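Here are my notes on the model you sent over, as numbered points. Have the structure open while you read, and click along as the residues come up.

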Amino acid sequence: MDILRVGVIGYGYWGPNLTRNFFELPSSEVIAIADLSKENLERARAKYPDVVLTADYKDFFDKELDAVIISTPPKTHFPIAKECLLNDLHVFVEKPITLNSRDAEELIDLAEERGLTLMVGHTFEYNSSVQAMKDFIDDGELGDLYYIDAARLNLGLFQHDSNVLWDLAPHDLSILMYLLGQKPISVSAHGMPCAFEGIYDLAKLSLLFPNNLMAHIHVSWIDPAKVRRVTVVGSKKMAVFNDLGIDGKIKIYDKGVEAPAYTNGFNEFQYNYRSGDITIPKISYDEPLRTECQHFIDSVVNQAEPKSSGRSGLAVIKILEAAERSMANDSTHEVLEW
């Protein structure tokens with residue numbers, strides 16, 4: 001195929017951004033948009049007067065489409081994606097891929113049986129700054145990794161049919177596994193509902209990766225400041241990715257601490273602290289969502305497995321499920337089986 005013919009399902013919060021990118025990319029063509037809301041469809045009509053609009057995504061099945069883009073509430077991801085795969089359409093679905101691992105596994109098996117591409121919207125894996133962070137880690141510039149700390153905080157948006165764990169943590173879980181090229185061994189978590197009974201708006205996760213590497217994730221819907229930060233601490237240097245940074249999204253700190261090689265006793269024992277320069281590397285910026293959309297197109301055309309494949313989405317779901325079990329059992333450590 002020369003141009004990927006796509007339909008967008010869901011034109012609410014994130015759907016307009018996906019539609020814009022697939023519409024503007026020369027390698028794809030937006031044929032149709034589906035949404036249950038008349039208001040959303042009118043917004044779509046104002047921007048894309050030549051695109052077919054419908055309230056029922058099943059109308060897509062006779063439009064000779066190649067692929068669908070699903071940006072609907074998470075509870076609808078599984079049934080919509082399954083039906084689209086059964087109609088031989090490649091599927092790009094926003095995170096989380098499903099709300100349980102059983103459904104995610106079914107979508108993966110279905111896509112493989114039919115030779116279709118199944119990709120999940122883990123946008124940060126396509127962020128040039130996150131990719132640069134991975135390069136710093138892989139090249140050994142930071143040294144041996146000690147720990148990683150991630151924070152994703154803001155005031156809202158509250159969702160009555162979800163919680164902060166499923167809403168925000170998928171971003172940082174996908175970032176961690178991408179940076180390290182590994183899956184965690186175990187996870188423990190605790191959280192609480194602060195503003196509304198029964199809706200967890202605060203959660204903290206502790207993950208253990210191979211080589212005894214610890215990682216922590218703090219997510220909140222009830223914080224006064226918007227924070228999007230990942231800190232990687234190594235034996236040589238430390239790096240901070242701040243997605244909201246104005247003077248550079250990555251800063252490399254030539255800081256560290258070393259114990260003396262040998263001492264005759266406690267009185268002679270002193271740590272050696274190092275505090276060097278702060279470097280802000282120059283990183284070319286491309287819209288991550290644009291890069292992600294193009295990657296989906298390339299994966300379909302080349303029949304290649306996407307970087308954020310269905311299996312990547314499944315790994316995130318398994319960790320979230322284990323984190324919820326941990327929160328329900330006094331923050332016990334849940335061992336992850338892969």
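1. Let's start with glycine 310. Leaving out residues up to four places away in sequence, it touches Ile97, Ile108, Leu118 and Val120, where contact means heavy atoms within 4.5 Å. Glycine 310 belongs to helix H8, residues 310-328; helices here are DSSP runs of H or I with at least four residues, strands are runs of E with at least two, and both are numbered from the N terminus. Its relative accessibility is 5%, so glycine 310 counts as buried. The cut-offs are under 20% relative accessible area for buried, over 50% for exposed, and partly exposed in between, with a 1.4 Å probe and protein chains only. Alanine 32 is 278 residues from glycine 310 in sequence, and their C-alpha atoms are 24 Å apart in space.

2. Some housekeeping before going on. This is a predicted model: local features need pLDDT of at least 70, side-chain atom pairs count only at pLDDT 80 or more, and totals for chains, interfaces and linings use all residues. Residues are numbered from 1 along each chain as its sequence is written, and side-chain values use heavy atoms, with hydrogens and water left out.

3. Lysine 95 and proline 96 are joined by a cis peptide bond, with omega at about -10°. Proline 96 sits in the loop between strand S5 (90-94) and helix H4 (101-114).

4. Then come two positive phi values. Aspartate 88 is not a glycine, yet its phi is positive at about 60°; you'll find aspartate 88 in the loop between helix H3 (77-86) and S5. With a relative accessible area of 47%, aspartate 88 is partly exposed. Aspartate 330, also a residue other than glycine, has a positive phi near 55°. Aspartate 330 lies in the loop between H8 and strand S15 (334-335), and its relative accessible area of 75% makes it exposed.

5. How many salt bridges does a search of the whole structure find? There are 14, counting a side-chain nitrogen of Lys or Arg within 4 Å of a carboxyl oxygen of Asp or Glu. As background, side chains of opposite charge can pair when their charged atoms come close.

6. One of these pairs is glutamate 106 with lysine 82, whose closest N and O atoms are 2.8 Å apart. Glutamate 106 is in helix H4 and lysine 82 in helix H3, so this pair ties together parts that are 24 residues apart in sequence. Glutamate 106 is partly exposed at 31% relative accessibility, and lysine 82 is partly exposed at 28%.

7. Lysine 95, from the cis bond above, also forms a salt bridge with aspartate 167, with the closest N and O atoms 3.7 Å apart. Lysine 95 is in the loop between S5 and H4 while aspartate 167 is in helix H6 (residues 164-180), so the pair ties together parts that are 72 residues apart in sequence. Buried or exposed? Both lysine 95 and aspartate 167 are buried.

8. Helix H6 also supplies aspartate 172, which forms a salt bridge with arginine 152 at 2.9 Å between the closest N and O atoms. Arginine 152 lies in strand S7 (residues 145-155), so here the tie is between parts 20 residues apart in sequence. Aspartate 172 is buried, with a relative accessible area of 0%, and arginine 152 is buried too, at 3%.

9. Over to the start of the chain. Isoleucine 3 is in the segment before strand S1 (4-9) and is partly exposed, with a relative accessible area of 39%. Setting aside neighbours within four places in sequence, isoleucine 3 is in contact with Pro26, Ser27, Ser28, Glu29 and Asp66.

10. Last, a surface patch. Leu155, Phe158, Phe196 and Ile222 make a nonpolar one of about 390 Å². Patches are made of residues with over 30% relative accessible area and no salt bridge; like charges are joined within 9 Å, and nonpolar side chains (Val, Leu, Ile, Met, Phe, Trp, Tyr) within 5 Å. Areas come from the Shrake-Rupley method with a 1.4 Å probe, and for residues only the protein chains shown count as cover. Phenylalanine 158 lies in the loop between S7 and H6 and is partly exposed, at 32%.
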